[in-house]
Amino acid sequence: GAAAKVAAGGGDSGVDNGRGSSSSSRGASSRASASEALLEEAAREAQWRKDRPLLPTIDPAKLAEIVFGSGEEGKADKRLERMFRMEENINAGSGPRLYVPDVVVPPDAPEAATLPLLIYLPGLDGTGLAAYRQFPKLRTRFDLRNLFVPPGDRLGFEELVNHVQGLLEKAASGIAPSRPVYLLGESFGGLLALALAERCDFIDRVVLVNPATSFADSPWPALGPALTQLPAQVYTTLPVVLSPVLANPLTMALNAINPDDPLPRKASDFLYGLLDLLQELTALRIALPAATLTHRLQVLKDGAQAVSGEPFLSRVPQRTLLLVGQ
């Protein structure tokens with residue numbers, strides 16, 4: 001535990017009300033055990049990265065399982081399932097919820113309770129898959145909470161905004177007035193962020209990353225319905241098909257590179273990063289079954305219409321940082 005620590009928390013607002021109980025003690029013990037396991041896994045992964053061959057060995061059979069969702073290799077990446085607290089968040093049965101992602105942070109990182117509160121609102125997948133590699137760095141600067149939207153959720157856009165507003169109010173109610181509250185919305189989450197900022201005067205700043213405000217001009221109106229009509233056997237390739245739309249796969253793979261390493265090691269890490277990314281994208285099979293994608297596309301369309309236009313934007317009082325890329 002001296003080399004790193006783990007940011008881990010429950011799946012509600014993440015606010016500690018200070019009341020102890022035997023069940024909360026058991027929960028704390030369970031989280032501590034999970035944290036220790038995560039640290040051990042991080043240490044093993046670091047050692048593996050140090051010792052692995054310069055060129056990765058590619059098993060065509062395993063690669064096919066990942067792409068087509070068959071066999072053991074086609075199952076969702078366990079590390080991401082844990083980071084997103086998927087089983088817990090899906091089985092809670094309480095709809096969309098805020099949670100603290102399980103990430104390893106440096107030992108000298110400030111305590112979360114002393115940092116600004118940052119609420120991350122994910123894109124269409126509802127998990128944060130496009131941004132998860134940045135969670136450890138964000139955790140060193142912010143008290144990070146993520147929104148998880150279960151695949152079975154069928155709230156409309158207005159209902160979703162109302163629900164998340166309640167989560168934000170609960171999360172922000174227990175923090176000191178000196179700690180600012182930021183909203184970070186990516187893609188579809190950018191629509192949510194705008195709608196919530198207009199309603200919630202306790203939000204200090206808003207960050208929009210490629211917000212889906214131009215949904216009508218994107219590939220989604222044509223691509224989305226076609227994807228949901230694919231035969232089940234073909235739809236299993238969804239993670240590979242959607243990866244260029246949800247995020248830039250090359251950029252995500254580049255996150256595996258240490259800029260200070262020599263060129264051969266950078267090239268090697270990039271190749272390993274691409275292979276790792278294929279495995280990680282399998283989480284989409286849990287997050288976006290066909291029925292869920294159909295529903296989310298309609299919510300996305302309704303949300304883009306709800307927050308578009310100068311009349312609405314003029315009612316968002318917070319300073320807003322807009323990040324746009326390809």
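## Starting from F157

Let's begin at one residue of this predicted model. Setting aside neighbours within four places in sequence, F157 has contacts with F188, L191, L192, A195, V299, D302, G303, A306 and V307.

F157 also belongs to the largest nonpolar core, which has 66 residues. Within that core, F84, L121, F135, F157 and L192 are the members that touch the most others. In soluble globular proteins, nonpolar side chains tend to be buried together.

## Two helices side by side

Now look at helix α8, residues 220–228, and helix α14, residues 290–306. Their axes lie 9 Å apart, and the helices pack at an angle of about 155°. Angles over 145 degrees count as roughly antiparallel, so that is how α8 and α14 are described. Their crossing is left-handed.

Which residues in α8 and α14 meet? From α8 come W220, G224, P225, L227 and T228, while α14 supplies A290, L293, T294 and L297. The residues of this contact comprise six nonpolar, three polar and no charged ones.

## Two loop residues with positive phi

Next, find S187 in the loop between β6 (181–186) and α7 (188–199). S187 is not a glycine, yet its phi is positive, about 55°. Is S187 buried or partly exposed? With a relative accessible area of 28%, S187 is partly exposed.

N210 sits in another stretch to look at, the loop between β7 (205–209) and α8. Its phi is near 45°, again a positive value in a residue other than glycine. N210 counts as partly exposed, at 35% relative accessibility.

Terms used: Residues are numbered from 1 along each chain as its sequence is written. This is a predicted model: local features need pLDDT of at least 70, side-chain atom pairs count only at pLDDT 80 or more; totals for chains, interfaces and linings use all residues. Side-chain values use heavy atoms; hydrogens and water are left out. Axes are lines fitted to C-alpha atoms, for helices over the stretch in contact, and angles run from 0 to 180 degrees between N-to-C directions. Helices (H or I, at least four residues) and strands (E, at least two) are DSSP runs, numbered from the N terminus. Angles under 35 degrees count as roughly parallel, over 145 as roughly antiparallel, 65 to 115 as roughly perpendicular and the rest as oblique. A crossing is left-handed if the near helix is turned anticlockwise from the far one by less than a right angle, and right-handed if clockwise. Contact means heavy atoms within 4.5 Å. Ala, Val, Leu, Ile, Met, Phe, Trp, Tyr, Cys and Pro count as nonpolar, Asp, Glu, Lys and Arg as charged, and the others, Gly among them, as polar. A nonpolar core is a set of buried Ala, Val, Leu, Ile, Met, Phe, Trp, Tyr and Cys residues joined through side-chain atoms within 4.5 Å. Buried means under 20% relative accessible area, exposed over 50%, partly exposed in between (1.4 Å probe, protein chains only).
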